[in-house]
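Hi everyone, thanks for coming. I'd like to walk you through one structure today, so please have the sequence and the 3D view open.

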Amino acid sequence: MTTKATKRAPAKKAAAASETLTVTDNRTGKTYELPIVDGTIKATDLRTIKVDDDDFGMMTYDPAFMNTASCRSAITFIDGDVGILRYRGYPIDQLAEKSSFLEVSYLLNYGELPNKTQLSEWTQWINAHAFVDESIRSVVEGFRHDAHPMAVLQAAIGGLSTIYPESKELGDPDNRMQQIVRLMAKTPTIGAWAFRRNIGRALLNPNPERSYASNLLHMMFDESGIEYNFDPRIERALDILLILHADHEQNCSTSAVRSVGSSETDVYQAASAGVAALYGPLHGGANESVLKMLRRIGSKDNIPDFVQGVKERRELLMGFGHRVYKNYDPRAKIVHKTAHEVFEVTGVNPLLEIAVELEKIALEDEFFVARKLYPNVDFYSGLIYEALKLPAEMFTVMFAIGRMPGWLAQWNELVGDSEQKISRPRQIYVGYDERNYVPMSKRK
Ligand SMILES: CC(C)(COP(=O)(O)OP(=O)(O)OC[C@H]1O[C@@H](n2cnc3c(N)ncnc32)[C@H](O)[C@@H]1OP(=O)(O)O)[C@@H](O)C(=O)NCCC(=O)NCCS
């Protein structure tokens, strides 16, 4: 096993004498020796560093968690410097090429690839739970017709805990897996319903006979009584996109799931926190922003002006840059290829031309090269979703459906991790010292 922090040393090795960090506090002249385990020091060990007995002890200041490991995880490995992404050790390109989304979701949640029987049972288990309670249908139908589908998805997923109160029994692993299956199964149904609500169509029920991707397509696009035939290449492209989004270690939404889950609430609340975090334009909303940006650019001729605007900080090049990848996002390569395969079926989207040219110019420009800004997974995924005739608001919903197995595996890992407690960061207080209440009559 490897961790980012221990690329050179085997994980879980006991700290040898030399595996310590010696810190001298120049305020007191005292020296402290802190154990190094897995290439990290424990932040709480710093608390022994004090000026005097009344001192609270040293803390670290790490806004946005730029350099803090919040957990031990055996699920996903990323080496952003060289562009590696692996689920449970398997490279993302092999999974995208050879596997299916349900197989990957089994892998993430059980830790191993399923054999034939296991995959068949997993598939049947999920298919059997794809129906969603009528009360949640009413929740979806209760929103305004133009409600953003991510807000609808977030509310409806949280609402599922009203139907499964037993989900609060976190101590039973079988019970946890039952809820995981429910969320895997019901998220596409709710996502499709949120879309149907937007387009003023009846909310369709899932068909347990269909594959995961096929079911999703049918629930979104069929008319009542009319079933469309989708090209298998479209189904496969959708399945690949779901695989690419399935997990990405401790990103913003996964951290939200873990943080909310750490209060021992049920998994539906934790997963709905993941949806809420994913909704933001700097996270899952980025592919929607990419499409808007490409439309605004409008033609290849306007690219130089746009790039100039980015360099002058008037714009962000959406779909570029990543907190972790300082190299080509390995998923972006696969999405780029998949986009071309989809366009063979649907016809070329003129925005693809702009995207390809924009990428070419940006990759050669010193501004982007110096900052190691490369296309991320969202740069091309929106173009595929648009080719599938999905409105931009639905792109993040598709991302949420894909990310669900990752959130669930991470939540389950958290619940089973004896080192975890309720998440509770510290702060550096910069406000007023104590002051007396001012009556209203004396306020300016
Ligand atoms: C993803 C993202 C939030 C990561 O942010 P981050 O890790 O905090 O990176 P930083 O903001 O520190 O960026 C480092 C530098 O690159 C610049 N930069 C980062 N992403 C940029 C982008 N998309 N366009 C233009 N400049 C960008 C920053 O301005 C900064 O420049 P500076 O050092 O001269 O100030 C950021 O790259 C971004 O906003 N990208 C666009 C949104 C997107 O595609 N999100 C999807 C992620 S999968």
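**Salt bridges, strands, helices and a ligand**

Let's begin with a pair of side chains: E315 and R296 form a salt bridge, with 3.1 Å from N to O. This pair connects distant parts of the chain, since R296 sits in helix α11 while E315 belongs to the loop between α12 (303–311) and α13 (330–346), 19 residues apart. R296 is exposed, and its relative accessible area is 53%. Before I go on, please keep in mind that this is a predicted model.

Now stay on helix α11 for a moment. Which residue meets R295 in a salt bridge? The partner is E386, and the N to O distance is 2.0 Å. E386 is in helix α16 (residues 378–387) and R295 in helix α11 (residues 286–297), so this pair ties together parts that lie 91 residues apart in sequence. As for how open R295 is, its relative accessibility of 43% makes it partly exposed.

How many salt bridges does the structure hold? The count is 21. Among them there is a network, in which D38, R72 and E419 are linked.

The side chains of R27 and D25 meet at 2.8 Å, N to O. Are the two residues buried or exposed? R27 is exposed, at 51% relative accessible area, whereas D25 is buried, at 6%.

D25 also has a place in a hairpin. Strand β1 (residues 20–25) and strand β2 (residues 30–35) run antiparallel and are joined by six bridges. Opposite D25 you will find K30 in β2. The hairpin has four residues between its strands, and G29 takes a positive phi near 80 degrees there.

Three strands make up an open sheet, ordered β3-β4-β5, with antiparallel pairing. Its edge strands, each pairing on one side only, are β3 (76–79) and β5 (90–91). Strand β4 (residues 84–87) is joined to β5 by two bridges, and these two strands run antiparallel. If you want to find one of those bridges on screen, pick Y87: its bridge partner in β5 is Y90.

Next, helix α8, residues 232–245. At the start of α8, a side-chain oxygen of D231 comes to within 2.8 Å of the backbone nitrogen of R233.

R137 is in helix α4 (residues 134–142), and it is buried, with 12% relative accessible area. What does the side chain of R137 reach at 3.0 Å? It is the backbone oxygen of L203. Beyond neighbours within four places in sequence, R137 is in contact with W193, L203 and N205.

D365 counts as buried, at 13% relative accessibility. Leaving out residues up to four places away in sequence, D365 touches V307 and K311.

Last stop, the ligand. Which of the 18 residues around the ligand come nearest? They are R313, L317, G319, R323 and R371.

- G319 has a polar backbone atom 2.9 Å from a ligand oxygen.
- R323 has a polar side-chain atom 2.8 Å from a ligand oxygen.
- R371 has a polar side-chain atom 2.9 Å from a ligand oxygen.

Notes: Residues numbered from 1 in each chain as written. Predicted model: local features only at pLDDT ≥ 70, side-chain atom pairs only at ≥ 80, totals over all residues. Heavy atoms only, no water. Pairing = 2+ DSSP bridges. Polar contact = N/O pair within 3.5 Å; in protein donor to acceptor, adjacent residues only side chain to side chain. Buried < 20%, exposed > 50% of the residue type's maximum accessible area, 1.4 Å probe, protein only. Contact = heavy atoms within 4.5 Å. Salt bridge = Lys/Arg side-chain N within 4 Å of Asp/Glu carboxyl O. Near = heavy atom within 4 Å.
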